[in-house]
Every structure is written in structure tokens, then in C-alpha cells.
Amino acid sequence: MYANPDHIHILFRLSKNHALTRIVEEIKKQSSKWMKEKGVKKFTWQIGYAAFSVSSSKVESVKKYILNQKEHHRTISFQEEVETFMRHYQNSEYDGKYFWT
């Protein structure tokens with residue numbers, strides 16, 4: 001896991017016995033609680049989230065990508081990266097007006 005000022009990357013193995021929406025809901029709930037306990041007053045999660053599956057053979061590459069976020073986002077913003085990714089993989093369901101508000 002690596003947290004950026006405006007987004008977070010979490011790599012985990014998802015069991016077929018757990019729904020992704022429930023996992024994300026729990027992460028948001030527990031992290032919001034933790035932030036409040038730490039005295040952070042202006043912390044909120046956006047409504048949506050993005051999730052991507054990764055083949056087992058790419059796990060190490062994804063780990064390196066996540067660990068390199070600070071350096072990576074010096075050359076490309078998170079929004080630019082997401083939009084490039086969505087175009088590259090021709091994600092027709094992506095609509096920036098819902099993703100960035």
C-alpha cells in the first residue's frame with residue numbers, strides 16, 4: 001500500500017468469498033475512523049473507486065509500480081495517468097465527470 005495526497009493504491013488478493021464493494025467499504029470506514037482519531041478534521045473519501053485485476057505473473061511489477069508512486073507522479077499527474085490508462089485499455093465505461101468529482 002502507498003498513499004499519495006489524492007489517492008491510494010492497495011494491492012491484495014481478493015477471495016471469491018468476499019465482494020469487492022464490501023472490502024472497499026470497510027477500508028473507507030476504518031481509515032476514516034482512524035483519521036478522526038488522529039485529529040484530522042477535513043478528511044473525506046470520494047464516492048467512487050477504481051479496481052483492476054492483475055495476473056499472478058504481474059504482481060511483482062505492480063508492487064514496484066506502487067512503491068515508485070512518489071517519483072512516478074513527479075512526471076505525470078494521477079488524473080493524466082488514469083485517463084491514459086483508460087484510453088489505452090479502451091474502457092468504454094469510464095466517464096471522468098463521475099471519477100473526478
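Where is the place of L14?

## Position of L14

The place of L14 is in the loop between β2 (8-9) and α1 (20-37), where helices (H or I, at least four residues) and strands (E, at least two) are DSSP runs numbered from the N terminus. L14 is partly exposed, with a relative accessible area of 41%; buried means under 20% relative accessible area, exposed over 50%, and partly exposed in between (1.4 Å probe, protein chains only).

## Basis of the model

This is a predicted model in which local features need pLDDT of at least 70 and side-chain atom pairs count only at pLDDT 80 or more, while totals for chains, interfaces and linings use all residues. Residues are numbered from 1 along each chain as its sequence is written, and side-chain values use heavy atoms, with hydrogens and water left out.

## Overall architecture

The protein has five helices and two strands, and its elements run β-β-α-α-α-α-α from the N terminus on. Taken along the principal axes, the C-alpha atoms fill a box of roughly 40 × 35 × 25 Å, and 15% of the 101 residues count as buried. Of the contacts (heavy atoms within 4.5 Å) with a separation of 6 or more, 47% come from residues 24 or more positions apart.

## Nonpolar surface patch

L14 also belongs to a nonpolar patch on the surface, formed with I8, I10, F12 and W45, which together have about 390 Å² of accessible area. Such patches are made of residues with over 30% relative accessible area and no salt bridge, with nonpolar side chains (Val, Leu, Ile, Met, Phe, Trp, Tyr) joined within 5 Å and like charges within 9 Å; a salt bridge is a side-chain nitrogen of Lys or Arg within 4 Å of a carboxyl oxygen of Asp or Glu. Accessible areas come from the Shrake-Rupley method with a 1.4 Å probe, and for residues only the protein chains shown count as cover.
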